[in-house]
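Here's a quick tour of one protein model. Have a look at the sequence and the fold before reading on.

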Amino acid sequence: MVRIEEYISEEGKNPFADWFDGLDAHAANKVNTYLTRIAEGNTSSLKPIKGALQEVRIDWGPGYRVYVGKDGNTLIILLGGGTKQRQQKDIDTAAELWEEYKKRKKGS
């Protein structure tokens, strides 16, 4: 089993929830299906970007992406989401959030 948590910034912002809440019901269901599979231990949909920063590629609609950080073998941090069209911008944002997460974790 893998625990999935959403990244919350020091200011209390949740980039994943902000993105997810804007999805229509069908797209949200697709994303939930992938996240449920990951929580059950099926991490085959995770594709490495750089180190522990990874993306889930959902080949449906505009090509949804979910950006995550893998913290060990049992914890996934949801950093945000997007589509293939904005992929590089979303990856850059997720990388910044992942670095912030690691710094905060190290300091606690």
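What follows goes from the whole chain down to a single residue.

This is a predicted model, where local features need pLDDT of at least 70 and side-chain atom pairs count only at pLDDT 80 or more, while totals for chains, interfaces and linings use all residues. Residues are numbered from 1 along each chain as its sequence is written, and side-chain values use heavy atoms, with hydrogens and water left out.

The protein chain has three helices and five strands, picked out as DSSP runs (H or I of at least four residues for helices, E of at least two for strands, numbered from the N terminus). Going along the sequence, they come in the order β-α-α-β-β-β-β-α.

Some overall values for the protein chain:

| Property | Value |
|---|---|
| C-alpha box along the principal axes | roughly 40 × 30 × 25 Å |
| Share of the 108 residues that count as buried | 43% |
| Accessible surface | about 6,400 Å² |
| Part of that surface on carbon and sulfur atoms | 47% |

Here, buried means under 20% relative accessible area, with exposed over 50% and partly exposed in between (1.4 Å probe, protein chains only). The surface areas come from the Shrake-Rupley method with a 1.4 Å probe; for residues, only the protein chains shown count as cover.

Now zoom in on Asp90, which sits in helix H3 (residues 87-107). Is Asp90 buried or exposed? Asp90 counts as buried because its relative accessibility is 7%. Leaving aside residues up to four places away in sequence, Asp90 touches Tyr67, Gly81, Gly82 and Thr83, a contact being heavy atoms within 4.5 Å.
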